[in-house]
Structures are given as C-alpha cells and as structure tokens.
Amino acid sequence: MSLPGSPHIAYRGRDLFIEDIALADLARRFGTPLYAYSRAAMLAALAGYQRALAGREHLICYAMKANSNLAVLQTFARAGCGFDIVSGGELERVLAAGGDAAKVVFSGVGKTRAEMARALQAGVACFNVESEGELELLSQVALQLGRTARISLRVNPDVDAKTHPYISTGLKGNKFGVAHETALAVYRRAAALPGIEVAGIDCHIGSQITETGPYLDALDRVLDLVEAVESHGIALQHLDLGGGLGITYTDEQPPDAEALVRAMLARIDARGHGQRKILLEPGRSLVGNAGVLLAEVLYLKPGGSKSFCVVDAAMNDLMRPAMYEAWMGIVPCTQRDEPAQTFDVVGPVCESGDWLGRERHLAVRPGDTLAVLSAGAYGMSMASNYNTRGRAAEVLVSGSEAWMIRERETAAELFRGERLLPG
Ligand SMILES: *Cc1c(COP(=O)(O)O)cnc(C)c1O
C-alpha cells in the first residue's frame, strides 16, 4: 500500500519500507528518534524539474535550508545542482559537501559584510539582493576586495501564494524583496554602482504552494519589470523564478514539478523571453516526501477527554506541527491487527505545544515504532536542542543500503563550548 507523497515509502504486507529496507529494522539498527531519507525519492523529484528544463540554459539551485545534511547536498551536487543559500554557514556546508560555489545563489534579507566578503572570495554565481542598503554595502565590499558582485534583485510581485502566512513571502507587507514599484529605480542605481554587475532578476513568493496560478501571476509581473528595466538599457540575462512548490502531506494536490515548470516556460516563450537562462530554487519539493522521522512509543496515557501516545521524538526534532500547526501523517512501521484508538501523539518536551499529531487513530503499544511522514524538508534543518535533547541521527537509504549520514548528538557535545565560572 502506498502512502501520500512518495512511492519509495510504502507498505509491503504489514511493514513500512523505505526503498528496500523495513523502517522498523532501521529503528532497531540506528535507534530513535531517527530521520531516514530515500535517495531515489530525492533524485526522482529532481528529475521532474530536469525533464522540463532539458534543452534550455538553466541552473537548479536546491534551496538547502529545507535539508542541509552534507550527504544530501552531495547527492544534489553530483546530480548537477547548484544551491540557494541564505547564510554564510550554508555556504560552508556547500563547500564541505564538494559543491561548486560558481553554482550558488545567495538569498536572504540580512546578509552581513563578513558573509558578503566570504561569498565573493568563494566566487558565488549571484547575490539575490533584497534592499537598496544591501546593494550599496555589497558594492563597497566588492570594491575593497577588488571584485565585482553579480546580482539579481529579488522583487516582490505582490501576489498571494495562498499558503500559510508564515511561509508566504511575495505579498506587500512581507519583509522580503524590493517592492515592484521601486525595483526599476533600484536597478538603475545598481547599474551605476562600480562594484556591481547586474545579472538577472529573482522572485520567490512563498512555500508549500499548491496552485499554478500564483506562479504565473508572479511571472507576468516579473516579465513586465524585465521589459521596463531593459527599456532603460540594463540587460538581464537570467530569470530566477524561486521555489515554493508544495508537497502532499494529507490531501493536497500540488501540480507536479514538470507540469508547473513547463507551464511557466510556455508563458516565458509566449512573451518572447525564451532565450533567457532559467534559475529555479526548489527546496521542499525535492526532499519533503523523501524523508520520515521515526519515533518509539514510550507510553500510552489514557485520559477522560483525551488519550496521549507519548513518543521519544518531540518538537525540538520536528518543529512544523508546533510552529505552523502543520498536519503530518503518522503511521505505524509495523501494522497491528487490533482496534485503533484515538490519541494525541506528543513528545517529552515540557510545552503543551509539543505535539506531532492530534486525534490520530492508531493501533499501537509501547515499544512500537511510528513514522512521521513527509518529514524530509524543514525537519532536521529546523531541529534544536531545547530541553537539552541531542538532535536525532540521520540515515540515507539507497535500495537495500543505509548509510548513517549524521551521528546522534551526545550530551557532552551539547555543552561543549560552555564555561563554568572561576573559583
Ligand atoms: C526557502 C526558500 C526557497 C525554497 O522554498 P521551498 O518552499 O522549500 O521550495 C527558495 N528561495 C528562497 C529565497 C527561499 O528563502
């Protein structure tokens, strides 16, 4: 039986498999909480984008904040991807994973002078500039280093991505990007600055988007700007259309990546912009459905109004439910032939917000392993050490092989760097 999201995570009989390995076996071998990712699922998600872009000058920049494990980055780098980074730390990860700085675009509203300098020295492809202040500082930093910074302006097209307010980024009133009305003036300033070379235009309107319409609306607004900017003699080589494509957590039906990109390319061609290099910045849609979080059931706590299933994974391992009230599937790794009961699935952290799922029908006993589905994106990368809980281990699966790609954190590692007072 296949579950929402990925054919690479499916039941065979009573046991839930990731590729050719039973998840219950992974939990026994590596312990819990454990993140497990399917390499085939990641590459299959990427292939949809690659098919749509074949034959066109393009660069797929994996938005690595979705899942920044070095082995995941290495997988995408080997498949030809560049990276969308949002911090100096992410740049160091790309380099450590063997990624090519010349395929990196640097996004984010708050780049520091030090991050700019490091990215210029490493030779990133493009800075996605989000304000006029950033542009001025970047020009100065580049001049001091005797370099030129290639830039795109991230423009805010003011379209509603129809997603959760916390992950909507392309509306007026968001902190992201340069307002559509002022973008032309900022481009003219950019063209006049000595440390800056204008390379393209960029927009990213939000995350977990499940409709094609907002993408095409944003694209039209961006192409209007391209035409206005070029009419002032400023050439734009590439169009960076951002990321944001949603995945299936429950019953969402987002367009598939290939169809979405083909629709955008058709619009670009129809408006006579077919010669431009295309950049995309997908994050969630490349990794989200490729991963699960495994947790062991510690206790069943029956109650009058509510019963709780207490597991060993918590909000510090997976923030999405607590932070966005996100719904994520929770299923047993081995199905039992018993009547299901209704539980809130909660972790050990001392917060009432520490839940992974509410009112779930489960046939479970203490000692069983549960899988939280579609946890490959914004799972481990948002994990914290709250309650002095070491972060989970991670494994990458390919066929019947499983590689540990991150060790479980120990208590000593958690306070390494802290100091007792003298005396
Ligand atoms: C987060 C982010 C992305 C990726 O978003 P997804 O929803 O994960 O695809 C792309 N570009 C920028 C600038 C981002 O901040």
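**Briefing on Local Contacts and Helix Packing**

Beyond its neighbours within four places in sequence, Ile-85 is in contact with Met-64, Glu-90, Leu-91, Val-94, Val-104, Val-105, Phe-106 and Ser-107. The model is a predicted one.

**Ile-85 in strand S6**

- Ile-85 is placed in strand S6, which comprises residues 82-85.
- Ile-85 has a relative accessible area of 0% and is therefore classed as buried, since the class requires a value under 20%.
- Lys-175 lies 90 residues from Ile-85 in sequence, and the C-alpha atoms of these two residues are 18 Å apart in space.

**Ser-38 and Glu-19**

- Ser-38 belongs to strand S4, formed by residues 34-38, and counts as buried because its relative accessibility is 0%.
- With residues up to four places away in sequence left out, the residues touched by Ser-38 are His-8, Ile-18, Glu-19, Ala-290, Leu-396 and Val-397.
- The side chains of Ser-38 and Glu-19 are joined by a polar contact of 2.7 Å.
- Glu-19 is located in the loop between strand S2 (15-18) and strand S3 (21-22).
- Glu-19 also counts as buried, because its relative accessibility is 11%.
- The phi angle of Glu-19 is near 50°, which is a positive value in a residue other than glycine.

**Further backbone geometry**

- Most residues other than glycine have a negative phi, and most peptide bonds are trans.
- Thr-388 has a phi near 50°, again a positive value in a residue other than glycine.
- The position of Thr-388 is in the loop between strand S19 (369-372) and strand S20 (393-398).
- Thr-388 is classed as exposed because its relative accessible area is 57%, the cut-off for this class being over 50%.
- A cis peptide bond, with omega near -5°, runs from Thr-32 to Pro-33.
- Pro-33 is situated in the loop between helix H1 (23-30) and S4.

**Arg-389 in the loop between S19 and S20**

- Arg-389 is found in the loop between S19 and S20.
- A relative accessibility of 16% is the reason why Arg-389 counts as buried.
- Residues up to four places away in sequence aside, Arg-389 touches Pro-33, Asp-312, Ala-313, Ala-314, Asn-316, Asp-317, Pro-348, Val-349, Ser-384 and Leu-414.
- Arg-389 and Gly-399 are ten residues apart along the chain, and 31 Å separates their C-alpha atoms.

**Asn-289 in the loop between H10 and S14**

- Asn-289 occupies the loop between helix H10 (284-287) and strand S14 (291-301).
- Asn-289 counts as buried because its relative accessibility is 16%.
- At 3.2 Å, the side chain of Asn-289 reaches the backbone oxygen of Thr-248.
- Thr-248 is also one of the residues that Asn-289 touches, along with Gly-5, Ser-6, Ile-9, Ile-247 and Ser-374, when residues up to four places away in sequence are not counted.

**Packing of helices H8 and H9**

- Two packed helices are described by the angle between their axes and the distance between the axes.
- For helix H8 (residues 213-231) and helix H9 (residues 257-270), the angle is about 30° and the axes are 10 Å apart.
- H8 and H9 are therefore roughly parallel to each other, given that angles under 35 degrees fall into this class.
- H8 and H9 make a right-handed crossing.
- On the H8 side, the contact involves Tyr-215, Leu-216, Leu-219, Asp-220 and Leu-223, which meet Leu-260, Ala-263, Met-264, Arg-267 and Ile-268 of H9.
- By class, the contact of H8 with H9 has eight nonpolar, no polar and two charged residues.

**Packing of helices H6 and H7**

- Helix H6 (residues 132-144) and helix H7 (residues 180-192) cross at roughly 5°, and their axes come within 11 Å.
- This angle makes H6 roughly parallel to H7.
- H6 contributes Glu-132, Leu-135 and Glu-136 to the contact, while H7 contributes Val-186, Arg-189 and Ala-190.
- The residues of the contact of H6 with H7 divide into three nonpolar, no polar and three charged.

Technical notes: Residues numbered from 1 in each chain as written. Predicted model: local features only at pLDDT ≥ 70, side-chain atom pairs only at ≥ 80, totals over all residues. Heavy atoms only, no water. Axes fitted to C-alpha atoms, helices over the stretch in contact; angles between N-to-C directions. Helix = DSSP H or I, 4+ residues; strand = E, 2+ residues; numbered from the N terminus. Parallel < 35°, antiparallel > 145°, perpendicular 65-115°, else oblique. Left-handed = near helix turned anticlockwise from the far one by under 90°. Contact = heavy atoms within 4.5 Å. Nonpolar A, V, L, I, M, F, W, Y, C, P; charged D, E, K, R; others polar. Buried < 20%, exposed > 50% of the residue type's maximum accessible area, 1.4 Å probe, protein only. Polar contact = N/O pair within 3.5 Å; in protein donor to acceptor, adjacent residues only side chain to side chain.
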